[in-house]
Amino acid sequence: MSDIAPSARDFRTVTDEIVDISLDYPDRRAWWMCFIPALLLLLSFLVSVTVLFWYGVGVWGNNIPMGWALAISNYIFFLGIGHAGTLISALLLLLVQHWRNSLNRFAEAMTLFAVICGALYPLVHLGRPWLFYWMAPYPNTMTVWPQFKSPLTWDFFAVLTYLIVSILFWYIGIVPDLASARDRATRRRYQVFFGLFALGWRGSARHWARWRQSYRLTAAIAVPLVVSVHSEISMLLAAGPIAGWNSTVFPPYFVAGAAFSGFAVVSMIAVVLRHALGLRNLVTSRHLDLLAKLTLLCGMMTAYGYWAETFDTLYGNDPQELETMRDRLVGVYAWSYWGAVFLNFVPLQLLWWHRVRVNPALLFLIGLSCVIGMWMERYMLLVTTLYRDWLVSSWQRYHPSIWDWSLFAGMLGVFFTLFLLFVRFLPVISAFEIKEAMFEEKQERKETGRA
Amino acid sequence: MEREQARPPSFNRRSLLQAMAASLALAGANGRRAEADERALPYVNAPEYVVPGKPKWYATSVRFAGYLQPVLGKSVAGRPVKLEGNDRHPATGGATDLFMQAALLGLYDPERSQVPLHLGQPATWAAFDTDVFRRTSEIDRAQGQGFRLLTGAVSSPTLLRQIADLQKRWARMRWHVAEPINEHERLEATRRVFGRPLQMLPDFSAPAAVVSLDDDFLGPGPRQAMQARAWSKRQPRLFVAEPTPSATGTRAGERLVVPSARLQMLAQAIARGVGVGEVDAPDLSPLEKKWVDASLGALGAGNGLVTVGAHYHWALHALVLLINERLGAFGTALRFTDPILAAPPDGADSLAVLVDDMKAGRVTTLLILEAEPLQATPAALDFRSALDKVAFSVHGGLYADATANACHWHVPVQHELESWSDGRAPDGTAAIVQPLIRPFLNVRSPHVVLDRWMDGNASDHDLVQASWRTGWTEALLAGFVADSAPAAVTPAVANRTVSLPEAPSSDGLVVEVRPDATLWDGRYAHNSWLQETPKPLIQATWGNVILVSPALARARGIENGDELSLRFGNRELLGAAWIMPGQEPHTLTIGLPDAFAFLDSWRQAGVRLEKTGKSRLIASTQPIQDMAEFDYVRTVESGEEAATRRKDDVSFYPQRKWDSPSWGMSIDLDRCIGCNACSVACMAENNVPVVGAELVAHGRQMHWLRIDHYTEGETDAPRHHFQPVPCMHCEQAPCEMGCPVNAAVHSPDGLNLQVYNRCIGTRTCSAYCPYKVRRFNWFEYTGHDPDSIRAMRNPDVTVRSRGVMEKCTYCIQRISGARIAAKIAGRPIHDGEVVTACQQACPTEAIVFGDITDPDSAVSERKASPRNYSLIEEANTRPRTTYLARVRK
Amino acid sequence: MREPTAAQRVFGLMAEFNRPERLIEAVRRTRQAGFERVDAHSPFPIEGLAEELGFHDQRVPWFTLLGGIVGAGLGYWMQVYTNHAFPIDIGNRPLVAPPAFMLITFELLVLGAVLFSIVSMLGFNHLPRLNHPLFDVDSFRLASTDKFFLVVLSNDPRFDLRQTRAFLHSLDPVRVDQIGQTEEPE
């Protein structure tokens, strides 16, 4: 693992390379060229939400039976992506994988922004969004409480918890680097900004000790949290008595799929950031290789989910389940099923080759394919199940409207805007953890040398 | 007194405020008082004063194609809000049809004409009276020469008296009738056979077997409620031969798909079979022979009846009369009376004579009262250009549409629910129409229009009362004049020679014309409830389609929604294709208002069919109707065979013991004729909004109660099923489990409740509902309604706003009403005290509602039947609404 | 940099090192010399350094556990309580349905544990604070980059400005700085 941390370099250059990006962004032109389109997409979000709130959910393509459609499939999609950040950060921290240190910060930021996008969807999809807080248990004059047996209430708590935990985990992880930025900032407004958010961090050994306790415990709790959150999101579908949803394979299938799409997105971001910000020393081809392996692993687990679902249906021989499977394989929306199968699993197989794994362009394209494929899967799970459910008489077609798509574009705008601001103003890689890894590896080398 | 108990006041502060606000708005908007006509007498007990929030019931009638349909009108704070069948009426016994249910909207329709129009410009009644006065002096001089009156079919004694008065004053005036769907052929047949025209009144509760030659006696029409109620009492064995599926055909034990030209061969074969002398032996196909033999077998068992569709040639009717005579049906299954509708001087040719006279310039003044000859006559008649030759034309009607615009004057008339009138029900029983509300628009009764024409000055009340010197009060209280139906006559056959005409041509494709199932001849095109009601066998709303057979569709590569061009002569009809299983292969079916522009007969051979290559949007509520391998509608071989496939009662959840009362519903699928009366009644009772064609096509219709239509088996001759689907009120409701905010919850009396003001619109309940009976307010459907529509709303039912889910409540407002009344009286709720709107509307009593914990209740008795089963019982939702399987017979 | 004067009160003395190994060594020797009130500052966490300083605080893990228990308890109690406070039949499910309640209980367990953990971590660290006497020393800027600092606080019983300074110089630091007293050392 010695090539993970760039041991040839010293502590200062690590800080220079990472923290100085925030203080003096290298290629502002390129940043603006990304940020302006992101702002335009954000505008699309604002317009779409205004239209949506003004006229009602009817501006979308939903109907009965397709009461849930693009909004919920995107909700699942965004949250799914988010989980990879937590897994990379928390799980690999617990497994003492030093190479995570080059990836965890932006992966966590990605998590945060994806969760924000995901959480916005169920909010705006409500018929009366201004009453969303009725999901929360608060004492009220009507003495009415939320209904705690509803998967939606579970989701409300799961997503809220996940959002809070993600923010806190990410924030306490970035505080030492904010302190670093504070200490290096020369301009007043940066000093104030970083000074406020660094919380007065001064690297005391006792502080570090408590920080470590807390950080590791949070990481240890975050891993089962990820599993629980996406399991609960799968329950949103699986708890309903609708063929094609009502299956116990859903929770693991969703978690694997979420991690899969998330690792694909992290791979894509890693490729782009190391290119755009000149971080090839910190995000090495070894990182890309490992990310690709993780993507491949989760992809194969997801493929197993597909297989298990099909097997279940055939083995169960329930006419409704068989009908839903037929609708998926050859129905009107079969493109979403086969699109998901093809995009998710065919290009993925190239990752068995090392040369493909370390080729940034190829990795990016394969990641893109997986992300689109997983988006199609979410769409397929919602649409192919609901458009033909129990009664033939309720079968209907579904077409997303222009406002469905504009909101989706707008939600990407929310994501990109937040992410670009993060890239521009905050340390995108955990500098102190890289330094720590460099030091520890040196110690290890010394010890092995001594031995 | 009993009735008052049955419909106790359900009164609370909110309903009062709503009622007051709405009526104030109404009064303010129109500057007129909106309250009951104090001379009208409420049903059963007359109040000394108005109790706000306490509904009053008036027995009255609404008119449909000349006949009166008896109703009980519910009036709250002076506003009619719901029409029910009059359960004491001898003809219907409380049965209703969708037109009767939808008449309420006709009263409040914001599109109604509100002021007189002169040459299309708003004018005053005074100006109209002046103009008419000038005209009548000219008519006086000509002794009525050139003055014509055109009406729809008339059964009203008052109107007939007024017409007689007209003729007395102007001897040379002439009265004409335009009623496109009529019984002329039947009357002609009786005239030929018995020597005088007689009304045929089949009684479908009498025969043990009925053979229908394309007679849709259970289908839409003025007799539907009466005949369907009678049919449901006994449900005789039914044999139907028809070219295109009908409501009656769906109930048939043996349904034969034949071209309409073959019907007379079938009649001949039956005639020979039952021993009507001197009938040629027709060549029959094996299928036809099998059907005829089966029919003959059933008829031979005695107590049979044969009927023919009203529009078939009189000779066929005559032959069938002879068959029925042989069957001994006269006087029992088939009764005769004098014609109920008054015959105009020129009989069946009345309209044709008028048009000829108009074209020849013999008509100088034309008064059209409640007839729409421009919309509802065949274009071939060319009424439009004939009208241009009339010097002075007046149209009196509810709407200022095509006919009104083509006349010099249009005057708005009163709706039946706001005027005094009279008439006869389809069985001939006379009734007085009394208003439920004073007119809130500047309109006159048609009687008053005629009276003014003769320089009279009487009110509609006085004009009608003049016809009923005795029994006035009794008639108003009961809703009909007792024993006023014309006496049954037993005519002797005067002429036994029937020479059937040449079998009509069957070259190429044959087009059959049928009345529209929800718009009739187009006269209800303004009624948005009826427009949005799916045509039962097609499930299309807001416009009709061209029915093609599956075989023809295969041969020509036609798919649903393809635009078809029908050509005959130089006329063309464009319409959307709909592939109808059970349609005769070479027969196309078109609906009436469309057909007027294309054909002038009920049947036309040699029509050319082409695809235009375009496609049309069909606002269908059920795009797919093939039941495939599923068993939503189950059929058992006999009434004793169990329909359910449930073996045990296992569940994860605790067995709950339900206290009495606990509500449930049973729907007999054998009785359901798909008439949609329940569905429209539900819209009226529960303030269900109308959303329009575009949203229906999008899958956003709001009907709380839908009638699913399924075909089962081979597509060329399938079995057709109707299945009314309200909320199932599942005991283990998935929707409730899904709702995060406790908006979908269960009540102690077994109802699945939807709490509108708690709903935040997550739509989880709908996603989880296996029956998809929940409806969502995608937009603000109710907030922008005009004042008149607000005034129509049932004050006991919450009006839903944007973003909330809604669904069938089992008419919880009626349950609450009954519960409050029972509590006040300190007694339990009686069985039958709570009647849901759909149950009350159903002409065939297919729907029964009540307390399922009471083993003696009607609903428990129904549910104890072996035929009882739950829809999608494998989902283990334990529905409270269950079905009785159909019996194969 | 302000030159310290003898008149100024002193917060502590700070020795700067270039490499982490030197800092560890220096901390060890300072502790061996009997100093109690010693702190070390580094740009990244150094394994074992706090233990060298005599740090054996396990309160953060205990608080995390407590938070988890409180969260889970509150979560389950909330669901049981609200269902009893307004009992409604929901699809014939039992009023209290432990399997259905487990999910929210778990989420609140996580939330409670994480909140308690992080809040207690900040609390015991006396963070956040905007300023600190150490920040007055210019060279401390590099504590977050690549320099390592040993601080002996003036409230150490053995603290003596001159002697301690000499002791620190004996550790072979890059430099030794005096920290001005803007507040009492903790």
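Me: At what angle do the axes of α3 (residues 70-94) and α8 (residues 250-276) of chain A cross?
Reply: This is a predicted model, where local features need pLDDT of at least 70, side-chain atom pairs count only at pLDDT 80 or more, and totals for chains, interfaces and linings use all residues. Residues are numbered from 1 along each chain as written, with chains lettered from A and ligands numbered from 1 in written order. Axes are lines fitted to C-alpha atoms, for helices over the stretch in contact, with angles from 0 to 180 degrees between N-to-C directions. The two axes come within 6 Å, and they cross at roughly 75 degrees.

Me: Is α3(A) roughly parallel or roughly perpendicular to α8(A)?
Reply: Angles under 35 degrees count as roughly parallel, over 145 as roughly antiparallel, 65 to 115 as roughly perpendicular and the rest as oblique. The crossing is at roughly 75 degrees, so α3(A) and α8(A) are roughly perpendicular.

Me: Which element gives the largest share of the side of chain A that touches chain C?
Reply: That contact takes 54 residues from chain A and 53 from chain C. Helices (H or I, at least four residues) and strands (E, at least two) are DSSP runs, numbered from the N terminus. With 16 residues, the largest share comes from α7(A).

Technical notes. Contact = placed C-beta atoms within 7 Å.
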